[in-house]
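The following paragraphs lead the reader through a protein structure, one region at a time. Please keep the sequence and the model in view while reading.

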Amino acid sequence: IIALDMYLGADFSYYKQLGVQVPAYIIRKFSKEYILRDCIKALAYPYMQFNRNNNTLLDEMIIEGKRLMFTEIALPNVHDTILSGYTLEEWEWAEENEANIWTYMIDKNYLYTYDNTSIIKFIKEAPFTAYFGNTSPGQIGVWTGWQICRAWVKNNPNKAIADLMNEKDSQKILKESKYKPRKNK
């Protein structure tokens with residue numbers, strides 16, 4: 001069942017009446033362009049192997065990265081901004097700062113943290129990622145997990161996407177991805 005009342009457009013009058021109950025950064029995605037994305041992301045779960053207990057930030061990043069990779073493959077003609085839920089400005093910020101984001105995560109030892117507060121700041125929907133200021137997009141850990149999964153697909157051309165989806169070891173996925181964000185000049 002698709003809750004069509006959640007896709008009536010960001011300017012729908014009822015959404016404006018919700019006030020602070022539903023923030024603008026969420027309402028922005030209450031439009032028809034997000035229906036397929038949301039459905040496919042939900043459908044990804046049965047096609048992936050993962051643990052949901054006692055996960056590190058890297059584990060959560062890879063779980064969400066797999067969901068976006070699955071969605072990207074299922075919807076090849078949908079723009080990355082719709083797949084990610086980012087505005088064009090947020091997408092560009094993430095791309096421009098990819099190396100800095102990755103360096104920060106490594107330098108602060110966040111990848112292997114089990115600290116739920118830190119994980120939430122990187123993974124859960126928010127207007128921005130607290131560690132990077134209010135010009136950054138939210139869910140930067142999800143976006144980075146997707147980039148790791150994209151690198152895995154690119155650097156493992158002889159493996160099937162099912163191999164990625166069935167692998168539970170996030171560290172193995174990271175290693176096989178050979179993920180190395182490019183530094184901007």
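This is a predicted model: local features need pLDDT of at least 70, side-chain atom pairs count only at pLDDT 80 or more; totals for chains, interfaces and linings use all residues.

**A walk through the model**

Ring pairs join Trp 93, Tyr 104, Tyr 110, Phe 122, Tyr 131 and Phe 132 into a cluster. In total, the structure holds 16 aromatic pairs. In general, a pair of aromatic rings is described by two quantities, the distance of the centres and the angle of the planes. For Tyr 110 and Tyr 131, the centres are 4.9 Å apart and the planes make an angle of 40°, which is described as tilted. Tyr 110 lies in the loop between helix 7 (98–107) and helix 8 (116–123), whereas Tyr 131 lies in the loop between helix 8 and helix 9, so the pair ties together parts that are 21 residues apart in sequence. Tyr 110 counts as buried because its relative accessibility, 15%, is under 20%. Tyr 131 has a relative accessibility of 22% and therefore counts as partly exposed.

The next region to consider is helix 11. This helix covers residues 170–177, and Ser 170 is part of it. Is Ser 170 buried or exposed? With a relative accessible area of 5%, Ser 170 is buried. Its side chain makes a polar contact of 2.9 Å with the side chain of Asp 59. When the neighbours within four places in sequence are left aside, Ser 170 is in contact with Leu 58, Asp 59 and Ile 62.

Ser 170 is one of the buried residues of helix 11, together with Ile 173, Leu 174, Glu 176 and Ser 177. Against which helices do the buried residues of helix 11 pack? They pack against helix 4, helix 7, helix 9 and helix 10. At the start of helix 11, a side-chain oxygen of Asp 169 reaches to within 3.0 Å of the backbone nitrogen of Gln 171. Lys 178 follows helix 11. The phi of Lys 178 is positive, about 55°, although this residue is not a glycine. Lys 178 is exposed, with a relative accessible area of 59%.

A positive phi is also found at Asn 54, where the value is near 55° and the residue is likewise other than glycine. Asn 54 is located in the loop between helix 3 and helix 4. Its relative accessibility is 64%, and Asn 54 therefore counts as exposed.

Attention may now turn to the open spaces of the model. The largest pocket has a volume of about 300 Å³. Its lining is made up of 17 residues, and those that lie nearest its centre are Lys 29, Arg 37, Lys 41, Glu 125 and Gln 139. Helix 3 (35–44), helix 4 (57–74) and helix 9 (140–155) each supply at least two residues of this lining. Which helix gives the largest share of the lining of the largest pocket? The largest share, 3 residues, comes from helix 3. By class, the lining of the largest pocket consists of 8 nonpolar, 3 polar and 6 charged residues.

The second largest pocket contains about 230 Å³ of space. Of the 14 residues that line this pocket, Glu 98, Gln 147, Ala 151, Tyr 179 and Arg 182 lie nearest its centre. Helix 6 (88–96) and helix 9 are the elements that give two or more residues to the lining of the second largest pocket. Helix 9 provides the largest share, 6 residues. The lining of the second largest pocket divides into 5 nonpolar, 2 polar and 7 charged residues.

About 80 Å³ of space lies in the largest cavity. Among the residues that line the largest cavity are Tyr 25, Arg 28, Ser 84, Gly 85, Glu 90 and Pro 127. Lys 29, Glu 125 and Gln 139 also line the largest cavity, and these residues are among those nearest the centre of the largest pocket. By class, the lining of the largest cavity has 4 nonpolar, 4 polar and 4 charged residues.

The last stop is Pro 157, in the loop between helix 9 and helix 10 (161–166). Pro 157 counts as exposed because its relative accessibility, 65%, is over 50%. How far apart in space are Pro 157 and Phe 12? From C-alpha to C-alpha they are 44 Å apart, and in sequence they are 145 residues apart.

Key
Residues are numbered from 1 along each chain as its sequence is written. Side-chain values use heavy atoms; hydrogens and water are left out. Helices (H or I, at least four residues) and strands (E, at least two) are DSSP runs, numbered from the N terminus. Buried means under 20% relative accessible area, exposed over 50%, partly exposed in between (1.4 Å probe, protein chains only). A polar contact is a pair of N or O atoms within 3.5 Å; within protein, one must be able to donate a hydrogen and the other to accept it, and residues adjacent in sequence count only if both atoms are side-chain atoms. Contact means heavy atoms within 4.5 Å. On a 1 Å grid over the protein atoms alone, a cavity is a set of points where a 1.4 Å probe fits but cannot get out, and a pocket is an open set with protein on both sides within 12 Å along at least five of seven lines; lining residues have an atom within 4 Å of a point. Grid points are joined across faces, edges and corners, and a volume is the space filled by probe spheres set on the points. Ala, Val, Leu, Ile, Met, Phe, Trp, Tyr, Cys and Pro count as nonpolar, Asp, Glu, Lys and Arg as charged, and the others, Gly among them, as polar. Rings of Phe, Tyr and Trp (its six-membered ring) pair if their centres lie within 6.5 Å; planes under 30 degrees apart count as stacked, over 60 as edge-to-face and the rest as tilted.
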